[in-house]
Amino acid sequence: MTALASGFARAAAVPETAPRGPLPRLAARVARLTGWRRLGLAWVAGALGALAMPPYGWLPALAVALTVAVWLIDGAAADRSAARRAWPCFLVGWAWGFGYLTAGLWWLGSAFLVEADEFLWALPLGVIGLPFGLGLFYGAGFSAAGLLWSRGPARIAALAFGIGGAEWLRGHLFTGFPWNALGLALGQNLWLMQIAAAIGLYGLTVLAVLVCAAPATLATGRVPRERYGPSAAAAILLAALALYGAERLGPADLSVTGVRLRLVQPNLPQDAKFRPENREDIVDRYIELSRRPPASGEPEPTHIVWPESAFPFLIQRDPDALARIAAGLAPGQHLVTGAARADAALPGERPRIFNAVMVIGADGTITDTYDKVHLVPFGEYLPGPLDGILRALGLRQFVAIPGGFSAGSLAGQRILAVPGLPPVAATICYEAIFPGAILPAGRAAPSADPPGLILNVTNDAWFGDTPGPRQHLAQARLRAVEEGLPLVRDANTGISAVIDPHGRITARTPLDTETWLDADLPARIVGGTLYGQFGDAAFVLMLAACLGGAVVGRRPA
């Protein structure tokens with residue numbers, strides 16, 4: 001017994017050996033960086049990570065970006081107390097996020113060039129200023145991770161906790177802007193996205209960090225299980241997600257009987273779309289595209305869809321235009337269209353203008369309306385504290401509506417009633433990028449008839465032929481998987497598409513093309529999804545698990 005105990009003691013006394021080779025030397029060199037070199041590399045690494053987003057979808061780029069991030073935090077947290085490491089880790093995270101968002105959102109500059117004579121001066125604010133500010137969320141996430149940092153694999157869980165929480169905050173604070181959350185790196189692959197039906201976008205973000213940051217330990221693990229274990233676990237996790245997704249997909253979803261959709265994509269240039277002098281030509285183009293005969297052997301459309309802000313005038317106040325639209329609809333057809341809407345103003349007051357979706361019957365009557373709730377700051381309105389100041393300087397939002405658009409009521413009706421269709425969950429433009437916001441009314445009133453589809457009308461002409469429209473489509477597509485609902489997306493310049501509740505694109509149009517798209521409506525998933533019922537509950541549990549793992553597995557940095 002004494003000899004056996006002596007043997008265990010000798011084994012325990014064997015020191016851990018640092019890994020050797022070019023990769024460990026590279027990690028050590030990265031960790032030793034300080035000052036502007038550390039922040040510069042963080043910026044470059046974040047920018048490289050943007051290649052994991054649509055339209056590129058190169059997941060290894062995010063793995064490199066997050067691996068470098070781990071090594072940089074290793075250096076920022078080394079030999080410092082928890083309180084003293086928070087600020088250096090914050091700076092690393094801010095620079096990383098600044099680079100990631102600059103490389104992923106550069107296409108926003110296209111919107112400033114539509115009316116360059118008025119907005120060109122502000123282009124740096126959108127292309128550099130917005131990523132600069134949003135990078136603060138990543139700074140906070142890296143700082144939170146730094147407080148939990150250790151030398152072992154548990155620091156990967158700490159980073160997933162920090163970034164996961166930061167991405168959730170980015171999607172909710174200051175009206176929220178979850179564009180290109182890291183979870184989209186997994187959420188654009190048909191097999192890998194299926195788990196979003198349970199955990200949503202933010203849950204995918206936690207998984208993306210766990211998977212893509214795991215290779216960092218290949219250069220820093222001090223025993224084989226620490227060195228290779230996280231990467232092996234990441235590979236197993238990816239394989240399990242893919243197998244689950246392949247199994248969940250199964251056969252193609254059924255279609256709703258008696259429904260045939262026509263999505264009209266007029267491809268109107270943005271600089272001409274809102275000119276009142278073009279009103280007649282614009283209505284004529286919509287009607288002509290809507291009346292074109294279907295392909296040989298295909299049924300006539302039962303429902304026509306036109307994109308966001310289809311008219312450069314208030315259609316509700318133009319009986320002649322409504323009569324022309326009615327004349328262009330076949331008996332029994334219904335039109336669902338984006339349009340600006342004005343309410344009845346009090347004497348002496350300016351009417352409020354809403355960005356709306358309207359349902360128009362074959363007799364020209366507007367039968368239902370949804371007003372956009374989540375408006376685009378600086379695009380559709382000027383934020384309250386800045387409104388008076390900016391207007392006094394002669395500035396306005398991008399859409400030239402006097403006073404800007406007004407937001408619809410949060411307690412208002414999101415579900416549109418369209419004869420012949422299941423209840424429609426309406427979204428306008430970038431409302432479709434917000435996970436969990438598609439059906440707030442449905443979750444609050446489970447006794448109501450469940451929606452049968454998500455409708456997203458949008459106008460991506462602001463952004464031309466850039467990654468922007470493609471990223472928009474990918475994020476809207478993920479809402480279909482989360483909610484277990486088909487998505488019908490009609491865009492002015494494209495990409496218009498019909499997507500089934502498993503994320504399969506059943507029909508789509510090319511970008512920057514005048515065309516139309518006829519398609520059946522896929523049926524919803526009976527019983528819905530876990531995410532549709534419980535929202536971000538699974539994400540919260542995942543975040544708690546990462547926090548627990550970071551604390552329990554902690555070893556002094």
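Mentor: Let's start with a term: two residues are in contact when heavy atoms of theirs lie within 4.5 Å. One caution before we go on: this is a predicted model, where local features need pLDDT of at least 70, side-chain atom pairs count only at pLDDT 80 or more, and totals for chains, interfaces and linings use all residues. Residues are numbered from 1 along each chain as its sequence is written, and side-chain values use heavy atoms, with hydrogens and water left out.

Trainee: Then which residues does Gly203 touch, leaving out those up to four places away in sequence?

Mentor: Phe539 and Met542. Gly203 itself sits in helix 11; helices here are DSSP runs of H or I with at least four residues, strands are runs of E with at least two, and both are numbered from the N terminus. Leu543 is 340 residues away from Gly203 in sequence, yet their C-alpha atoms are 8.4 Å apart.

Trainee: Why is Gly203 called buried?

Mentor: Buried means under 20% relative accessible area, exposed means over 50%, and partly exposed is in between, using a 1.4 Å probe and protein chains only. Gly203 has 0%, so it counts as buried.

Trainee: What about Ala52, buried or exposed?

Mentor: Buried, because its relative accessible area is 0%. Ala52 is in the loop between helix 3 (35–49) and helix 4 (59–77). Beyond residues up to four places away, its contacts include Trp58, Ala185 and Gln188. Gly183 is 131 residues from Ala52 along the chain, with 10.0 Å between their C-alpha atoms.

Trainee: Why do the buried residues of helix 14 count as lining one face?

Mentor: Ile282, Val283, Tyr286, Ile287, Leu289 and Ser290 are buried in helix 14. Seen down the axis, they fall within an arc of 165°, so they line one face; the arc is that of the directions from the helix axis to the C-beta atoms. Asp281 and Arg291, on the other side, are exposed.

Trainee: What makes strand 1 and strand 12 a pair?

Mentor: Two strands pair if DSSP finds at least two bridges between them. Strand 1 (residues 255–265) and strand 12 are joined by 7 bridges, so they pair, and they run antiparallel. In strand 12 (residues 515–522), 6 of the 8 residues are buried, so it is largely enclosed by the rest of the structure.
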